[in-house]
Amino acid sequence: MRVLIVEDERVLADTIAEGLRDEAMAVDVVYDGDDALERASYNEYDVVVLDRDLPTVHGDDVCRELVGRRSPTRILMLTASGDVDDRVDGLTLGADDYLPKPFVFGELVARVRALARRSGPPVPPVLEGRGIRLDPHRRRAARDGRELRLTNKEFAVLEELLRAEGGVVSAERLLERAWDENIDPFSNIVRVTMATLRRKLGQPPVIETVTGSGYRLEAR
């Protein structure tokens with residue numbers, strides 16, 4: 001899943017981003033409304049975590065613009081105010097959820113995951129296929145009952161393959177969904193990550209390379 005953090009308190013923004021990356025999410029960070037609108041115009045995000053009180057372009061205006069684009073991206077609005085009227089205002093603007101500061105990080109993660117499940121076709125909270133069971137919320141994965149010790153990127157790649165339900169996922173799509181915008185698009189990181197993931201999944205092989213197209217979970 002890919003998330004955009006829009007927060008002018010840089011320490012808070014970077015802390016949230018680091019925490020979400022530890023949850024195997026691809027995260028980009030901007031610190032003002034102008035940059036938020038620019039990034040959202042050319043990157044596909046499942047969720048935007050949007051601070052309401054932003055410089056240059058207010059969070060309310062960013063929300064209106066994103067909603068006006070009819071994007072499937074979900075918006076989680078943050079605010080220093082816990083006032084009910086403020087929450088109502090934020091939701092009326094088109095935000096999908098609202099979280100007052102200070103917040104418990106675990107709740108933020110749960111809300112982001114819940115919103116991400118609504119940003120596309122319905123996806124179950126626990127993904128299963130070819131003997132693989134992946135629980136993003138608990139950050140656990142297993143194959144045939146054997147626990148898999150995966151890196152964040154391996155976990156994210158496996159999640160994308162399971163979400164595709166046997167469909168082909170291109171290397172470009174994996175770069176977009178599992179890495180942030182700082183990755184070199186000409187890097188061989190997808191191929192390297194796929195090799196280590198295959199090794200950890202063990203035998204029989206379960207990930208198929210589709211020449212010229214990408215990767216998919218093999219049918220039984």
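A residue counts as buried when its relative accessible area is under 20%. By that cut-off, buried residues make up 45% of the 220 residues in this protein. The model is a predicted one, and every value below is computed from it.

Start with the whole chain. The protein has eight helices and eleven strands. Its C-alpha trace spans about 55 × 35 × 30 Å along the principal axes. How does the radius of gyration relate to that of a compact globule? For 220 residues, a compact globule would have a radius near 17 Å; the protein has 18 Å, so the two agree. The contacts tell how the sequence is brought together. Take the contacts between residues at least 6 apart in sequence: 58% of them join residues at least 24 apart.

Now the surface and the charges. The accessible surface comes to about 10900 Å². Carbon and sulfur atoms account for 49% of that area. There are 33 positive side chains and 41 negative ones. The centres of these two sets lie 9 Å apart.

Is β3 mostly covered or mostly open? It is mostly covered: five of its five residues are buried. The side chains split into two groups. V47, V49 and D51 point one way, while V48 and L50 point the other way. Both groups are buried, and the acidic residue D51 belongs to them.

Which strands does β3 join? One is β1, residues 2–6, which runs parallel to β3 and is joined to it by four bridges. L4 has V48 as its bridge partner in β3. Another is β4, also parallel to β3, with five bridges between them.

An open sheet of four strands has the order β6-β7-β8-β9, and its pairing is antiparallel. β6 (127–129) and β9 are the edge strands, each pairing on one side only. Three bridges join β6 to β7, residues 132–135, and these two strands run antiparallel.

In sequence, R163 and E128 are 35 residues apart; in space, their C-alpha atoms are 9.0 Å apart. Is R163 buried, exposed or something in between? With a relative accessible area of 27%, R163 is partly exposed, because that value falls between the 20% and 50% cut-offs.

The loop between β9 and α6 holds T151. This residue is partly exposed, at 38% relative accessibility. T151 and L197 are 46 residues apart in sequence, yet 9.0 Å apart from C-alpha to C-alpha. Which residues does T151 touch, leaving aside its neighbours within four places in sequence? They are R139 and K200.

Finally, check the backbone. Two peptide bonds are cis. The bond from K101 to P102 has omega near -10 degrees. P102 lies in the loop between β5 (97–100) and α5 (105–117). The bond from Q203 to P204 has omega near -5 degrees and is cis as well. P204 lies in the loop between α8 (189–201) and β10 (207–210).

Positive phi values deserve a look too. R70 has phi near 55 degrees, a positive value in a residue other than glycine. Its place is the loop between α3 (59–68) and β4 (74–79). R70 is exposed, since its relative accessible area is 78%. D144 has phi near 50 degrees, also positive and also in a residue other than glycine. D144 lies in the loop between β8 (140–143) and β9 (146–147), which are strands of the open sheet described above. At 60% relative accessibility, D144 counts as exposed.

Notes
Residues are numbered from 1 along each chain as its sequence is written. This is a predicted model: local features need pLDDT of at least 70, side-chain atom pairs count only at pLDDT 80 or more; totals for chains, interfaces and linings use all residues. Side-chain values use heavy atoms; hydrogens and water are left out. Buried means under 20% relative accessible area, exposed over 50%, partly exposed in between (1.4 Å probe, protein chains only). The radius of gyration is taken over C-alpha atoms; the globule rule is 2.2 Å times the number of residues to the power 0.38. Contact means heavy atoms within 4.5 Å. Accessible areas come from the Shrake-Rupley method with a 1.4 Å probe; for residues, only the protein chains shown count as cover. Lys and Arg count as positive and Asp and Glu as negative; His and the chain ends are not counted. The place of a charge is taken as NZ of Lys, CZ of Arg, CG of Asp or CD of Glu. Two strands pair if DSSP finds at least two bridges between them.
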